[in-house]
Amino acid sequence: MIHASIVRFAIVGMGTAIIYIALFTGLAGIDTPTALANIAAFSIAIAFQYLGHSIWTFQNRFMSASSVYRFAMTIILGLGVSTLIVSVVGPSLNLSHFSSALIVQVVLPVINYILFRFWVFVSTSHRAAGDQ
């Protein structure tokens, strides 16, 4: 049976993607500079993702500066992994941009789920045993 947090993780992830796409295309559609549209859409989508995963997916009601920090580090790690895949791994394997992007869409959710579940959104009572 699929763990309930995996289903919630997927739903929040889809919501994050929908928010990003809707905001980015909407802002770009009203002639907002592309970089600004991307930054605004990404920022709002990531805020939704943090709140959705913290409150609903992993039911961690204890939002703290340390969990925000760990979330940010996970997002930065994801950016690094995706950049490595699309700019080094894909080209070295002669993959198309589309194929490289598909690999990112498989690898990142796995990394994110593991890090979110066991590092980012672990309650302080569970972390007291050894994470700090």
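In this predicted model, helix 1 (residues 4-29) and helix 4 (residues 97-120) have axes that come within 11 Å and cross at roughly 120°. That angle makes helix 1 oblique to helix 4. The structure also contains a largest pocket, which holds about 840 Å³ of space.

**The crossing of helix 1 and helix 4**

- The crossing in which helix 1 passes helix 4 is right-handed.
- On the side of helix 1, the contact is made by Ser-5, Ile-6 and Phe-9.
- On the side of helix 4, the contact is made by Pro-109, Asn-112, Tyr-113, Phe-116 and Arg-117.
- Sorted by class, the residues of this contact comprise five nonpolar, two polar and one charged.

**The lining of the largest pocket**

- The lining of the largest pocket is formed by 25 residues.
- Phe-42, Gln-49, Gln-105, Leu-108 and Asn-112 are the lining residues that lie nearest the centre of the pocket.

**Where the lining residues come from**

- Helix 1, helix 2 (34-57), helix 3 (65-92) and helix 4 each supply at least two residues of the lining.
- Helix 3 provides the largest share of the lining, with seven residues.

- The lining of the largest pocket consists of 15 nonpolar and 10 polar residues.

Terms used. Residues numbered from 1 in each chain as written. Predicted model: local features only at pLDDT ≥ 70, side-chain atom pairs only at ≥ 80, totals over all residues. Heavy atoms only, no water. Axes fitted to C-alpha atoms, helices over the stretch in contact; angles between N-to-C directions. Helix = DSSP H or I, 4+ residues; strand = E, 2+ residues; numbered from the N terminus. Parallel < 35°, antiparallel > 145°, perpendicular 65-115°, else oblique. Left-handed = near helix turned anticlockwise from the far one by under 90°. Contact = heavy atoms within 4.5 Å. Nonpolar A, V, L, I, M, F, W, Y, C, P; charged D, E, K, R; others polar. 1 Å grid on protein atoms, 1.4 Å probe; cavity = no way out; pocket = protein on both sides within 12 Å on 5 of 7 lines; lining within 4 Å. Points joined across faces, edges and corners; volume = space filled by probe spheres on them.
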